[in-house]
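I opened this entry to keep track of what I looked up. The notes follow in the order I made them.

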Amino acid sequence: MTGDIELLKGAIALIGYGLGAVGPGIGIGIVVGNAITAMARQPEMAGTVRTTMFLGIAFTEALALIGFVLFFIA
Amino acid sequence: METLILASESCDIKNEVVCAPANVLELFKLPTWFHIGGLEFSRSTFLLFLASFVVMGILWAGLRNPKLVPGKMQLIVEDLVGFVRDGIARDIIGPEGTKYVPYLLSLFLFILVGNLFEIVPFTLYPITSRMAIPALLSLITYVIFVFVGFKKNGIRYFTDIAWPKSVPVALRWLVGLIEVVSTFFLRPLTLAVRLFANLVAGHLMLTLMLGSAAFFLVGVGDIGLKSALGLGWFGVGVGIYLFEVVVAVLQAYIFTLLSAVYIQTSVHPEH
């Protein structure tokens, strides 16, 4: 029985990462969607909006990447 | 091709239904060819040197005899340099961005060539899929933006992050804590892991899809249903290959762009 639990550790780590990637996926979609709306409403600000969009993507993606790293640790 | 899949375990493809490779690590940790001192040299080390020589070769070939009306190679190199200098350094950091153009240009070209090694026929192995290289590049960016932050703003660089004045007083400690952890720990970590994870995933998918295609088409030994499955895997493999072209270029651009953004937040912390 303890051997079976050992085999499941990799599968549980994978499920954990999969659940953890749902939030950042939705979050990045919201950030980019609002950035596209902003760029369409005010095209002269497109450069600043694009830069801020990448910054927002970097922050929200950080959580998914932490999950990816923890998947390899576990 | 079958040697990759079959060499790790003795696998008799005529009689076994499924042959599995022993370990994913064999796709990334290539066997060492020889040792010099305490350092090991393998195919990935040679590809690393090849990437730097290719970058130097491109820049040298384009800018060797600069003419007023540029030739083809000079046009391409001028486009690349102009893309990094105008689109990334000047647009994001502002007029002082010109100081950082050499670093950002070398970063962009090296990561671009290193990523493209994943899909170019004779070198099919991305050097950025070993964590050492993204970690080192991210560390260099981290040292640069922290050093520039402290040099331009003194100790106020740290106190403005840890105690932000633009937040209501009751929340300043919390937002300051989040900002410190995010700026000094998460930024270099995620910069490295983003490049590393994208390239590892791409290399793994390409190897599995196209390896399965080769196995089903060639290694099975007869023409039948199993060979037809190979065509399906090959189609998926080609799709992933085209996707990897986009990912290679995009990840190089994002790494350079984020380096420029982090330098910009150190140079102009009021934004």
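I first settled what an axis is: a line fitted to C-alpha atoms, for helices over the stretch in contact, with angles running from 0 to 180 degrees between N-to-C directions. Helices (H or I, at least four residues) and strands (E, at least two) are DSSP runs, numbered from the N terminus.

I noted that this is a predicted model, in which local features need pLDDT of at least 70 and side-chain atom pairs count only at pLDDT 80 or more, while totals for chains, interfaces and linings use all residues. Residues are numbered from 1 along each chain as its sequence is written, and chains are lettered from A and ligands numbered from 1 in the order in which they are written.

**Chain B overall.** I found nine helices and two strands in chain B. Along the sequence they follow the pattern α-α-β-β-α-α-α-α-α-α-α. Of the 271 residues in chain B, 28% are buried (20 or more other C-beta atoms within 10 Å of the residue's own, C-beta atoms being placed from the backbone).

**α4 and α9.** I looked up helix α4 (residues 72-93) and helix α9 (residues 225-267) of chain B, whose axes come within 8 Å and cross at roughly 30°. α4(B) and α9(B) are therefore roughly parallel to each other (angles under 35 degrees count as such). The crossing of α4(B) past α9(B) is right-handed, that is, the near helix is turned clockwise from the far one by less than a right angle. On the α4(B) side I listed Val84(B), Ile88(B), Ala89(B), Ile92(B) and Ile93(B), which meet residues of α9(B) including Leu257(B), Ala260(B) and Gln264(B). This contact has ten nonpolar, two polar and no charged residues. Residues are in contact if their C-beta atoms, placed from the backbone, lie within 7 Å.

**α4 and α5.** I then checked α4(B) against α5(B): the axes come within 10 Å and cross at roughly 115°, and this crossing is right-handed. Val81(B), Val84(B), Arg85(B), Ile88(B) and Ala89(B) of α4(B) touch Val101(B), Leu104(B), Leu105(B) and Phe108(B) of α5(B). By class I have eight nonpolar, no polar and one charged.

Helix α5 (residues 101-116) of chain B has 16 residues and reaches 22 Å from first C-alpha to last, close to the 22 Å expected at 1.5 Å a residue. Among its buried residues are Leu104(B), Leu105(B) and Phe108(B).

**Between chains.** Last, I noted that ten residues of chain A contact ten residues of chain B. The chain A side divides into seven nonpolar, two polar and one charged.

Notes: Contact = placed C-beta atoms within 7 Å. Nonpolar A, V, L, I, M, F, W, Y, C, P; charged D, E, K, R; others polar. Parallel < 35°, antiparallel > 145°, perpendicular 65-115°, else oblique. Expected span 1.5 Å × (residues − 1). Buried ≥ 20, exposed ≤ 12 C-beta atoms within 10 Å, placed from the backbone.
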